[in-house]
Amino acid sequence: MAGRESFLRLSLRPGTHSGAWRRALHGCVVAGLVTVTGIAGIGPVLAGDPAAGKAKSRPCITCHGKDGIGTSPIFPNLAGQKSMYLMQQLRAFRDGRRPSEVMGVIVRTLSDKDIEDLAAYYESLDPAGARPE
Ligand code: HEC
């Protein structure tokens, strides 16, 4: 760790890095910004279909509620949750990266499109639990 800190101090000291280094660093920062804004920008285009997600959410109601509010203290609320997070979790359950006895079984048959639609649907719900009609 100390080694890394001194490397940082060294490489950030003005005049110690060449122009090429600085240009490369600048390129990284710009590329990073483009990536971040790029992802945010294409979000709505790639987003799932909330109406289709609603239809697909029927098997989820018992536990996650009709309004996306968990029906018991051990069932998490999904209403209003970020769709990107929901997709990550559903894929993680499906891949076994997030082990869950219950959800592992539920997501086994979900396609990527199902996951996108479900995530879009739950994101569209009011986190306070109001029912959309
Ligand atoms: C039998 C009850 C049950 C059903 C049915 C069910 N879930 Fe779950 N769900 C759970 C439980 C319990 C957890 C917490 C899992 C854990 O981490 O152990 C969970 C967690 C989740 C999470 C992660 C939430 C977070 O904050 O990380 C998502 C997303 C999710 N469920 C979506 C769904 C979807 C979509 C369906 C329907 C296709 C569904 N669930 C059906 C019980 C259920």
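**Notebook: helix crossing, fold and ligand shell**

I began with the crossing of α5 and α7, which I found to be right-handed; I keep in mind throughout that this is a predicted model. I then looked up the geometry of this pair: the axes of α5 and helix α7, the latter covering residues 112–124, come within 8 Å and cross at roughly 140°.

Next I asked which residues of α5 meet α7. On the α5 side I listed S83, L86, M87, L90 and R91, and on the α7 side I115, E116, L118, A119, A120, Y122 and E123. Sorted by class, this contact of α5 with α7 has eight nonpolar, one polar and three charged residues.

I then stepped back to the whole protein, for which I noted seven helices and zero strands. Of its 133 residues, 20% count as buried. Among the contacts with a separation of 6 or more, I found that 64% come from residues 24 or more positions apart.

Last, I turned to the ligand and looked up what surrounds it. I recorded 18 residues around the ligand, with C60, C63, Q89, S100 and L118 as the closest. The elements that give two or more residues to this shell are α4 (61–64), α5 (83–95) and α6 (101–106). How many charged residues does the shell hold? I found none, against 13 nonpolar and five polar residues.

Definitions and conventions:
Residues are numbered from 1 along each chain as its sequence is written. This is a predicted model: local features need pLDDT of at least 70, side-chain atom pairs count only at pLDDT 80 or more; totals for chains, interfaces and linings use all residues. A residue is near a molecule or strand if its C-beta atom, placed from the backbone, lies within 6 Å of it. Helices (H or I, at least four residues) and strands (E, at least two) are DSSP runs, numbered from the N terminus. Ala, Val, Leu, Ile, Met, Phe, Trp, Tyr, Cys and Pro count as nonpolar, Asp, Glu, Lys and Arg as charged, and the others, Gly among them, as polar. Axes are lines fitted to C-alpha atoms, for helices over the stretch in contact, and angles run from 0 to 180 degrees between N-to-C directions. A crossing is left-handed if the near helix is turned anticlockwise from the far one by less than a right angle, and right-handed if clockwise. Two residues are in contact if their C-beta atoms, placed from the backbone, lie within 7 Å. A residue is buried if 20 or more other C-beta atoms lie within 10 Å of its own, exposed if 12 or fewer, and partly exposed in between; C-beta atoms are placed from the backbone.
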